Structures are given as C-alpha cells and as structure tokens.
Amino acid sequence: MVVRRVFIGSGLNIDEPTRLSVPLSFNEGELFFYSDRDREETEEALLQFIDDFVVPRTDRVLMWEEDTDEGVMINIGTIVIKDNVPQLHYVSVGVGI
C-alpha cells in the first residue's frame, strides 16, 4: 500500500490502535487516492505532513481505518504535547471505489 510505504520509507514505525482517545484532534488534510494518477500528489502531501508534524518529534505514527460510503478512509496521525495537553494531528486518505 502506497500510504504505508511513504511512512515506512521515511523511517517511521506504524502503530495501529484499536481505539483513540485524545482530548484534541486536528485533521490536517484530506486526500483521495483512487487511481495511479493520484499517487504523486498523495505521496507529496504525506511527506509534507511528515515534515510538518512527525519528524523530528517522534519516529512513530498511528494508523486507523474508517469505513465510509465511498470506500475506506485511512487516517495517519501523531500525538503532540502542547501546554501539557495531548493533541492528535492527522491526515485522512480516502481509498476505494
């Protein structure tokens, strides 16, 4: 899967929790990867997310899926502590139909 490969290729570990409970959540972007034509734009946006929110703070990201009417939404995020409050920053990638 392209999404997973981008994060692993950046030297990050992926954890897949069964449930998330974070006081604050911020969706930093929504991408759609339905065909090979979307690959380059998706990879660039994911690498930008990694630069902005993941590296150098951590080497770990969280990945979870949500089913939607259009297919599957893959969410990839990281938890940042700001003013002693955990914040989840994530991007969503629509894949499917």
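**Salt bridges, helices and a patch**

I note that the model is a predicted one.

Asp15 forms a salt bridge with Arg60, with 3.0 Å between the closest N and O atoms. Arg60 is partly exposed, with a relative accessible area of 41%.

How many salt bridges does the structure hold? I have 4.

Another of them joins the side chains of Arg4 and Glu16, at 2.8 Å from N to O. Arg4 is in helix H1 and Glu16 is in the loop between strand E1 (13-15) and E2, 12 residues apart. I list Arg4 as partly exposed at 26% relative accessibility.

I then checked Arg5, whose side chain meets that of Glu43 in a salt bridge (3.1 Å, N to O). This pair links helix H1 to helix H2, 38 residues apart. Arg5 is partly exposed at 47%, and Glu43 is partly exposed at 22%.

Next I looked at the two helices themselves. The axes of H1 (residues 2-9) and H2 (residues 39-54) come within 10 Å and cross at roughly 40°, which means that H1 is oblique to H2. The crossing is right-handed.

Last, I noted a nonpolar surface patch of Leu24, Phe26 and Val85, with about 210 Å² of accessible area together. Leu24 lies in strand E2 (residues 24-33) and is partly exposed, at 36% relative accessible area.

Conventions: Residues numbered from 1 in each chain as written. Predicted model: local features only at pLDDT ≥ 70, side-chain atom pairs only at ≥ 80, totals over all residues. Heavy atoms only, no water. Patch = residues over 30% accessible without salt bridge, like charges linked within 9 Å, V, L, I, M, F, W, Y side chains within 5 Å. Areas by Shrake-Rupley, 256 points an atom, 1.4 Å probe, with all protein chains shown as cover. Helix = DSSP H or I, 4+ residues; strand = E, 2+ residues; numbered from the N terminus. Buried < 20%, exposed > 50% of the residue type's maximum accessible area, 1.4 Å probe, protein only. Axes fitted to C-alpha atoms, helices over the stretch in contact; angles between N-to-C directions. Parallel < 35°, antiparallel > 145°, perpendicular 65-115°, else oblique. Left-handed = near helix turned anticlockwise from the far one by under 90°.
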